[in-house]
Structure formats: C-alpha cells, structure tokens
Amino acid sequence: MAKVISTLFISADGVAEIDPDWHFPYFDDNMGRAVTEDYDAADVLLIGRETYDSFAGAWPDREAAGGEDAPFAKQLGDMRKVVASRRSPEFTWRNSELIQGDLVDAVAALRADPGVKGILIPGSISVVQQLLAAGLVDELRLLVHPVAARKGRKLFDEGDAPYHLRVAATEAYPTGVIRVIYTPAEAPGAVGYDDVKDQVPAGN
C-alpha cells in the first residue's frame, strides 16, 4: 500500500500558510535535502486547487528557463499530479488530472493502487486536514521554523478529538529549523495527576 505523506513548512505556532518573509531566510541546503527526500518518496502529487495554481504558474517557466532549479522543475512536471478542486480547472501543466468524486474515496483508492509508490501532499492545508480526519495520512513531515508567525492559516483545525502522533525522526538544522516526521499513534491510556505525582519535582 502506498504511503500518503504530507510535507509542510510551518511556524513554531502552527501556521502552515507560509509567508516568504519568514520562510526563505531559513531555507538552506539542509532544508533542500529534506524536500528532495520528500519528493523522491512519491510518484504522485496530491494538491489542492490553490497549490496547483501556484505551482503551475511557476515551475513550468522555471523548467523552460533552464536555470539551477530546472531539474527539480522537470521532476515536478514529470510527476502525476492529482488535483482536488470543486471547479474543473483548465490544466496547463502536463500530467495533471482532476479528482473525480469524493476526495477521501479517491485517496483511499490511490493508496491501495499497486502501481502507486507514494503520494505526496505539498502544502494544500485543506486537503491535509480532510485526510487527517479520515485517518489517511501515513506521515506528517514538518519543517518547523523558529518563528511565531502570529497570523495565517494553521495546520490543525478545531475538532472534537485530538490527533495522537509518534515521532519517527527529528533533525535540527543550524538555521534553527527542526524537521519532525510524525506517524499516527494510538491514544495513550488514561492518566491523571495521582498517577504521576511521584514524578513531580521535590521542593527544596
């Protein structure tokens, strides 16, 4: 079964709607390597309409320009791109297709497709939120920037139940960015103060 991987740049206070002013000053070779690992783990990009429009408005031109980022732009262009949108967009970027029907059903089918190696969701906050709620995100890969953005859309929305996560890997970069890879986890057993009071620091 293919993994569904969400990769996000995020602030210390949970804002995943990136602002170039607080994102790019922290981008370095380490972050570039992490992003490369994320894209190499998948052969399908799953993106929302806004992310698609942003990517399609930039990467084809960068590929055509033949600059330093042209090989990555070509990699993106060559990947299969599955777009979640309530409207039918006019696709201008090769290998792009619209999800037909329900998002959750479509992703479950992609995940079970033996011909799919991995499904990567870059950005696309609303798509990630829906798939988290459906239990269809296998890895949450966060590049946590050492900044409290204080405004912008956050990754985790309001809900009735918490998401419990297991830390699968961490890295700290010289810029202060921390890469954290989470996987879903079972909720821990019920614990109250009486269960932990023997671990409370003793007074002097």
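Ala, Val, Leu, Ile, Met, Phe, Trp, Tyr, Cys and Pro count as nonpolar; Asp, Glu, Lys and Arg count as charged; the others, Gly among them, count as polar. This is a predicted model, where local features need pLDDT of at least 70, side-chain atom pairs count only at pLDDT 80 or more, and totals for chains, interfaces and linings use all residues. Residues are numbered from 1 along each chain as its sequence is written, and side-chain values use heavy atoms, without hydrogens and water.

**Exercise 1. Describe the second largest pocket and its lining.**

Step 1. On a 1 Å grid over the protein atoms alone, a pocket is an open set of points where a 1.4 Å probe fits, with protein on both sides within 12 Å along at least five of seven lines; lining residues have an atom within 4 Å of a point.

Step 2. Find the residues. The lining has 14 residues, and L132, G135, V137, L165 and P184 lie nearest the centre.

Step 3. Sort them. Eight are nonpolar, three polar and three charged.

Step 4. Name the main contributor. Strand β8 gives the largest share, three residues.

**Exercise 2. Which residues lie closest to the centre of the largest pocket, and which element gives the largest share of its lining?**

Step 1. T51, F55, P122, G123 and S124 are the closest of the 42 lining residues.

Step 2. Look at the elements. Helices (H or I, at least four residues) and strands (E, at least two) are DSSP runs, numbered from the N terminus. Helix α3 supplies the largest share, five residues.

Step 3. Sort by type. The lining holds 21 nonpolar, 13 polar and eight charged residues.

**Exercise 3. Classify the ring pair of Y39 and F72.**

Step 1. Recall the rule. Rings of Phe, Tyr and Trp (its six-membered ring) pair if their centres lie within 6.5 Å; planes under 30 degrees apart are stacked, over 60 edge-to-face, the rest tilted.

Step 2. Y39 is in helix α2 and F72 in helix α5, 33 residues apart.

Step 3. Check burial (buried: under 20% relative accessible area; exposed: over 50%; partly exposed: in between; 1.4 Å probe, protein chains only). Y39 is buried at 7%. F72 is partly exposed at 23%.

**Exercise 4. Classify the ring pair of Y52 and W93.**

Step 1. Take the values. The centres lie 6.2 Å apart and the planes are at 45°, so the pair is tilted.

Step 2. Check burial. Both Y52 and W93 are buried.
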